[in-house]
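Open the structure in your viewer and keep the selection panel at hand. Each stop below tells you what to select and what is there.

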Amino acid sequence: MAKYRYLGILYTCLVALAIGAVVVYIILNTKEVLPESLRSHANYLLFDAQWGNGRGAIWHDTLASLSEEFKKAPVTAIFGVGPDQYFNIIDEYVNDWLVQYSDKVAMSAHNEWLNAFVNFGIFGGAAYLGIFISALIRFVKIRSKAPVALGAAVIVVAYLAHQMFGYQQFASTPYIFLVLGIGECAARRADTEQGKMNRD
């Protein structure tokens, strides 16, 4: 199998390239810099208040609110407003797109990572996201010695991607921490076994 390993790397690169190309297309399509023949008004290819079932409005106003918060209350922006206080920030600073899209109050950013940066601040948001990224890096590095860790890494990647469009729920979030624990256990066992082999 080793000589076909490049196929997995190639596939991963193609997926990343495709995602990047779609993001670039959405940006160019939204800014109307593409020729008319290449433009699209499809919901997911044009970033406006309706994009992603209203996530366009929510994400836009979240980022705009964070920007305003940095200007008017930098300490809160750095350390956060507190758990489940997202709606206060949006209501206080910017809700222009949300008003266009809906008259309902947004209770979360529908993006776990954006939500973390609002509630926990820059430090807390970076620390929370760092849990998953550091675990992913550790699991990938130890994959040859602990195949279970590779499985955990794949699940972490799936969670990171899925939660770009979702928020913490009891049906998913507790289980990702179980996966992190399983992956870390496998990694530590592999480290212990390697240490024994080195001593022998």
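Select Glu36 and Arg39. Their side chains meet in a salt bridge, 3.2 Å from N to O. The term stands for a side-chain nitrogen of Lys or Arg within 4 Å of a carboxyl oxygen of Asp or Glu. Glu36 is exposed, at 57% relative accessible area. Arg39 is partly exposed, at 29%. Here buried means under 20% relative accessible area, exposed means over 50%, and partly exposed is in between (1.4 Å probe, protein chains only).

Before moving on, note that this is a predicted model, in which local features need pLDDT of at least 70, side-chain atom pairs count only at pLDDT 80 or more, and totals for chains, interfaces and linings use all residues. Residues are numbered from 1 along each chain as its sequence is written, and side-chain values use heavy atoms, with hydrogens and water left out.

How many salt bridges does a search of the whole structure find? It finds five.

Go to Lys72 and Glu68. They form a salt bridge, with the closest N and O atoms 3.5 Å apart. Both residues lie in helix H2, four residues apart, about one turn of the helix. Helices are DSSP runs (H or I, at least four residues), numbered from the N terminus. Lys72 is exposed at 60% relative accessibility, whereas Glu68 is partly exposed at 22%.

Now select Glu184 and Arg138. Their side chains meet in a salt bridge of 2.8 Å, N to O. This pair links distant parts of the chain: Glu184 sits in helix H8 (residues 173-199) and Arg138 in helix H6, 46 residues apart. Glu184 is partly exposed at 22%. Arg138 is also partly exposed, at 27%.

Salt bridges that share partners join Glu68, Lys71 and Lys72 into one network.

**Along helix H6**

Select residues 112-141, helix H6. A straight helix of 30 residues would span 44 Å at 1.5 Å a residue, but H6 spans only 26 Å between its end C-alpha atoms. The expected span is 1.5 Å times one less than the number of residues.

Where does H6 bend? Centre on Gly121: the bend there is about 130 degrees. That bend is the angle between axes fitted to the seven residues ending at a position and the seven starting there.

Step back to the start of H6. A side-chain oxygen of Asn111 reaches to within 3.0 Å of the backbone nitrogen of Trp113.

Next, pick Asn119, also in helix H6. Is Asn119 buried or exposed? It counts as buried, at 5% relative accessibility. A polar atom of its side chain lies 3.1 Å from the backbone nitrogen of Tyr86. Show what surrounds Asn119. Leaving aside neighbours within four places in sequence, Asn119 is in contact (heavy atoms within 4.5 Å) with Gly80, Val81, Gly82, Pro83, Asp84, Gln85 and Tyr86.

**Aromatic rings**

Display the Phe, Tyr and Trp side chains. A search of the whole structure finds 14 aromatic pairs. Rings, including the six-membered ring of Trp, pair if their centres lie within 6.5 Å; planes under 30 degrees apart count as stacked, over 60 as edge-to-face and the rest as tilted.

Zoom to Phe47 and Trp97. This pair is tilted, 6.0 Å centre to centre with 40 degrees between the planes. Phe47 lies in the loop between helix H1 (5-30) and helix H2 (51-72) and Trp97 in helix H5 (residues 96-101), so the pair ties together parts that are 50 residues apart in sequence. Phe47 is partly exposed, at 25% relative accessibility.

Then find Trp113 and Phe132. Their pair is edge-to-face: 5.3 Å centre to centre, 65 degrees between the planes. Trp113 is buried, at 6% relative accessible area. Phe132 is buried too, at 0%.

Select Tyr44, Phe47, Trp51, Trp59, Trp97 and Phe165 together. They form one aromatic cluster.

**Last stop: backbone angles**

Most residues other than glycine have a negative phi, and most peptide bonds are trans. Check Glu32, in the loop between H1 and H2. Its phi is positive, near 60 degrees, and Glu32 is exposed at 54% relative accessibility.

Finish at His110, in the loop between H5 and H6. His110 has a positive phi of about 55 degrees although it is not a glycine. It is partly exposed, at 24% relative accessible area.

Technical notes
Helices (H or I, at least four residues) and strands (E, at least two) are DSSP runs, numbered from the N terminus. A polar contact is a pair of N or O atoms within 3.5 Å; within protein, one must be able to donate a hydrogen and the other to accept it, and residues adjacent in sequence count only if both atoms are side-chain atoms.
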